Amino acid sequence: MKRSVLLFLLFAAPAVHARDLRQLGAHVHGQATVDLAVDQGTLELALQAPGIGIIDFERPPANATEQAALDAALATLKRGDWLTLPTAAQCTPLKRDARAEGFAAAASASASTPAKHTHAGLNAELRYQCANPAALRVLMLALPKAFPNLHEVIVNSATAGGQSRTVLTADNLRVVLAP
């Protein structure tokens, strides 16, 4: 029950489920958001980023090179190697998922219709079970290093100790969680 309430408070207000969208809403290029929650040994992260911040375009891939860039970005997000957890926390991955939203070609587009600008983006969800969650004091999120077009990553975190917001840049990759 406690976990459900915590996750609801963290994700419900600002979030719109990306899978229910045909086009992502307005966003800031070069900025991503990560919602992070720790509850009863479970660590969950949900990333939302504009395509331009991850792969430098927000439209259907125009060629094989762009498709490869999209596929590589999805693979990187899904692997989760942009996240470093303290070894002492003894975390085991339960879920690693990534998806692209808004990059598919519009079925109704025709040669005579001008292309409409879309706000395509990428999402990732990671979930870990941690045997020693008390050791989750400092996490490293290297998203600005993995994706140099991400100039800042806003991390909203919620733990039993409270909520906080951290802004990450290439020079600051540390998220300090409330005890």
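Which side chains meet in a salt bridge at 4.0 Å, N to O? Asp97 and Arg99 do, and the views below show their surroundings. This is a predicted model, in which local features need pLDDT of at least 70, side-chain atom pairs count only at pLDDT 80 or more, and totals for chains, interfaces and linings use all residues. Residues are numbered from 1 along each chain as its sequence is written, and side-chain values use heavy atoms, with hydrogens and water left out.

**View 1. A disulfide joins Cys91 and Cys130.** The sulfur atoms of the two residues are 2.1 Å apart, and a disulfide here is a pair of cysteine sulfur atoms within 2.5 Å. By this rule the structure has 1 disulfide. Cys91 belongs to strand β4 (residues 91-101) and Cys130 to strand β5 (residues 121-130), so the bond ties together parts that are 39 residues apart in sequence. Helices (H or I, at least four residues) and strands (E, at least two) are DSSP runs, numbered from the N terminus. The torsion about the S-S bond is about 105°, so this disulfide is right-handed. Cys130 is buried at 3% relative accessible area, while Cys91 is partly exposed at 22%; buried means under 20%, exposed over 50%, and partly exposed in between (1.4 Å probe, protein chains only).

**View 2. Lys95, Asp97, Arg99, Glu101 and Glu125 are linked in a network of salt bridges.** A salt bridge is a side-chain nitrogen of Lys or Arg within 4 Å of a carboxyl oxygen of Asp or Glu, and the structure holds 7 of them. Side chains of opposite charge can pair when their charged atoms come close. Lys95 meets Glu125 with the closest N and O atoms 2.9 Å apart. Lys95 lies in strand β4 and Glu125 in strand β5, so this pair ties together parts that are 30 residues apart in sequence. Arg99 also forms a salt bridge with Glu125, at 3.2 Å from N to O. Here too strand β4 is tied to strand β5, because Arg99 lies in the former and Glu125 in the latter, 26 residues apart in sequence. Lys95 is partly exposed at 28% relative accessibility, and Glu125 is partly exposed at 24%.

**View 3. Arg79 sits in helix α3 (residues 64-79).** With a relative accessible area of 43%, Arg79 is partly exposed. The side chain of Arg79 makes a polar contact with that of Asp81 at 3.1 Å. A polar contact is a pair of N or O atoms within 3.5 Å; within protein, one must be able to donate a hydrogen and the other to accept it, and residues adjacent in sequence count only if both atoms are side-chain atoms. Asp97 is partly exposed, at 26% relative accessible area.
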